Amino acid sequence: MKKTLSLYKDCDILALTHEYHSSDVFSLEEAESLIKLYARASLVITTRIHVALPCLAMGVPTILVVPSFDKARFGGLINLLNHIGYDQNGYFMEHIQMDEMGYVKNSEEFIRYKDHLIRLCLAYM
């Protein structure tokens, strides 16, 4: 992992936290701004599933950090994402795919789910 991250040494590192705002308009503007930021990223490392999934969909290399595995929360999604952390038994787990140069790359497993959802939505319309 350390060797992989060293490939990104010339990239800017941003640490983001999200605050709760009661204004829907502000929240939508903030969400749009964050999505644009994530879309330009070389790599996203996050503990937030709601950050990892849009990054995956946009093709941004992503690593989900799972401090403690929660099957209800991650069970159906964990195999779609690069991830590090601890499984339900407390054992360290690491699943990170890399390209031939050693850069993080996302699994393409999610594409069949994406395509299925698109077909369902189009059939509904």
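This is a short chat about the predicted model shown above.

Me: How many helices and strands does the protein chain have?
Reply: Five helices and four strands. This is a predicted model, by the way.

Me: In what order do the elements run from the N terminus?
Reply: The order is α-α-β-α-β-α-β-β-α.

Me: What do the strands form?
Reply: An open sheet, ordered β1-β2-β3-β4, with mixed pairing. Its edge strands are β1 (44-46) and β4 (92-95), and each of them pairs on one side only. From one strand to the next, the twist averages 10 degrees.

Me: Which residue with a positive phi follows α3?
Reply: G59 follows α3, and its phi is near 80 degrees.

Me: Stay on α3. Where does that helix pack?
Reply: On the sheet, where α3 (residues 49-58) touches β1 and β2. The direction of α3 makes about 160 degrees with that of β2.

Me: Which residues of α3 are buried?
Reply: I49, V51, A52, C55 and L56. Seen down the axis of α3, they fall within an arc of 155 degrees, so the buried residues line one face of the helix.

Me: What does the face turned away from the buried side of α3 carry?
Reply: The exposed residues H50 and A57.

Me: Switching to the core. Which residues make up the largest nonpolar core?
Reply: Twelve residues in all: I49, A52, L56, L64, V66, F69, F74, I78, L80, L81, M93 and F110. The elements giving two or more residues to this core are α3 and β2. The most comes from α3, with three residues.

Me: Where is F69 placed?
Reply: In the loop between β2 and α4 (71-74).

Me: What is F69 in contact with, leaving aside neighbours within four places in sequence?
Reply: F74, G75, I78, Y86, D87, Q88 and M93.

Me: M93 again. What separates the C-alpha atoms of F69 and M93?
Reply: 9.8 Å, with the two residues 24 apart along the chain. M93 is also the bridge partner of G85.

Me: And F74, what is that in contact with?
Reply: I49, L64, V66, S68 and F69, again leaving aside neighbours within four places in sequence.

Me: Now the charged side chains. How many salt bridges does the structure hold?
Reply: Two. In one, the side chains of E32 and K36 meet at 3.3 Å, N to O. In the other, E109 pairs with R112, with the closest N and O atoms 2.7 Å apart.

Me: How are E32 and K36 placed in helix α2?
Reply: They are four residues apart in α2 (residues 24-39), so about one helical turn separates them.

Me: How accessible are E32 and K36?
Reply: E32 is partly exposed, at 46% relative accessibility. K36 is partly exposed too, at 47%.

Me: And E109, what relative accessible area does it have?
Reply: 35%, which makes E109 partly exposed.

Me: Last one, on the whole chain. What share of the residues is buried?
Reply: 27% of the 125 residues in the protein chain. On contacts with a separation of 6 or more, residues 24 or more positions apart account for 33%.

Key:
Residues numbered from 1 in each chain as written. Predicted model: local features only at pLDDT ≥ 70, side-chain atom pairs only at ≥ 80, totals over all residues. Heavy atoms only, no water. Pairing = 2+ DSSP bridges. Axes fitted to C-alpha atoms, helices over the stretch in contact; angles between N-to-C directions. Contact = heavy atoms within 4.5 Å. Core = buried A, V, L, I, M, F, W, Y, C linked by side-chain atoms within 4.5 Å. Buried < 20%, exposed > 50% of the residue type's maximum accessible area, 1.4 Å probe, protein only. Salt bridge = Lys/Arg side-chain N within 4 Å of Asp/Glu carboxyl O. Arc of directions from axis to C-beta.
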